[in-house]
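The stops below are meant to be taken in order.

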Amino acid sequence: MSLRVHDISVPVRPGMLISGRQPEFTWLYSITEGAEYNVSAWRLHAHTGTHVETGLHYVDGRETIDAVEIERLVGPARVLDLTAVEGEEIFPEDLRAAGYEGQERVLLRTANSACAIRELVKRESWVGLGSAAAELLAESGTRLLGVDYLSVETPAGESSGEWPVHTILCGAGLVLLEVVDLDGVEPGDYLLACLPLKLEGGEAAPARVVLIDG
């Protein structure tokens with residue numbers, strides 16, 4: 001059997017594209033400085049790079065990241081091609097036209113993957129999910145949604161301070177996977193393996209994420 005594995009995680013490094021605090025790297029022990037081994041240390045927040053968010057991020061009392069069943073994070077997934085979407089908002093008709101049929105795990109490939117996610121500074125304009133499309137996902141049984149930018153929100157939704165899409169999806173119990181790199185990944189069906197750090201009590205955690213076809 002021939003398998004092809006697509007690593008859709010972004011590298012974590014100081015100076016990366018991020019919302020909030022930049023990651024910090026240091027050596028605790030260094031062979032070049034006389035130590036017997038190398039040991040590094042990182043200071044970063046739970047939403048650094050490719051990461052998974054639970055409903056607790058926006059709704060008190062929801063599940064923590066360590067409580068998410070592994071079966072929700074590993075399984076069949078569909079990559080939807082939304083690169084033709086113009087403007088900043090994905091609508092329900094865009095999802096349906098791209099092949100959305102209520103799949104349990106869905107990843108949205110937009111124009112962000114080719115440009116916005118590769119820049120070092122957050123843009124003022126990017127492609128995000130609209131509230132109506134979020135309602136469709138929540139009502140259709142989807143349990144995990146992946147997006148190719150820093151936030152699932154549109155710029156308008158984020159600037160409103162109300163975070164409407166996060167509120168809809170988190171309220172419905174979806175797991176959100178943000179900052180995936182889908183550039184070069186063809187639309188279609190894959191096996192998703194999404195493995196966030198098991199940070200007890202947290203609302204999110206960085207993750208290594210791959211898509212497997214074949």
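The model is predicted, so local features need pLDDT of at least 70 and side-chain atom pairs count only at pLDDT 80 or more, while totals for chains, interfaces and linings use all residues. Residues are numbered from 1 along each chain as its sequence is written, and side-chain values use heavy atoms, with hydrogens and water left out.

**Cores**

Select I90, L95, L108, L129, L145, V152 and L169, the residues with the most contacts inside the largest nonpolar core, which has 23 residues. A nonpolar core here is a set of buried Ala, Val, Leu, Ile, Met, Phe, Trp, Tyr and Cys residues joined through side-chain atoms within 4.5 Å. Buried stands for under 20% relative accessible area, exposed for over 50%, and partly exposed for what is in between (1.4 Å probe, protein chains only). Two or more residues of this core come from each of β7 (105–109), α3 (131–139), β9 (144–147) and α5 (164–171). Helices (H or I, at least four residues) and strands (E, at least two) are DSSP runs, numbered from the N terminus. Another core, of 21 residues, lies apart from it and includes V175, V180, L182 and L192.

**Helix α5**

Now show α5, where V165, H166, I168, L169 and C170 are buried. Their cover includes β4 (51–53), β8 (128–129), α3, β9 and β10 (175–178). Centre on L169: leaving out residues up to four places away in sequence, L169 touches L129, A134, L137, L145, V152, L174 and L176. Contact means heavy atoms within 4.5 Å. Just after α5, G173 has a positive phi of about 85°.

G173 is also one of the contacts of R72, along with E63, R105, R143, L144, L174 and V175, neighbours within four places in sequence set aside. R72 sits in helix α1 (residues 70–73) and is buried at 6% relative accessibility.

The largest pocket has a volume of about 230 Å³. Its lining is S9, V10, P11, R13, M16, L17, I117, R118, E119, L120, V179 and D181.

On a 1 Å grid over the protein atoms alone, a cavity is a set of points where a 1.4 Å probe fits but cannot get out; a pocket is an open set with protein on both sides within 12 Å along at least five of seven lines, and lining residues have an atom within 4 Å of a point. Grid points are joined across faces, edges and corners, and a volume is the space filled by probe spheres set on the points.

**Rings**

Select F25, W27 and W42, which ring pairs link into a cluster. Rings of Phe, Tyr and Trp (its six-membered ring) pair if their centres lie within 6.5 Å; planes under 30 degrees apart count as stacked, over 60 as edge-to-face and the rest as tilted. The count comes to five aromatic pairs. F25 and W27 make an edge-to-face pair, 5.3 Å centre to centre with 80° between the planes. F25 is partly exposed at 37% relative accessible area, and W27 is partly exposed at 47%.

**Positive phi**

Last, go to W163 in the loop between α4 (155–159) and α5. W163 is not a glycine, yet its phi is positive, about 50°. V179, in the loop between β10 and β11 (188–196), has a positive phi near 65°. W163 is partly exposed, at 25% relative accessible area, and V179 is buried, at 4%.
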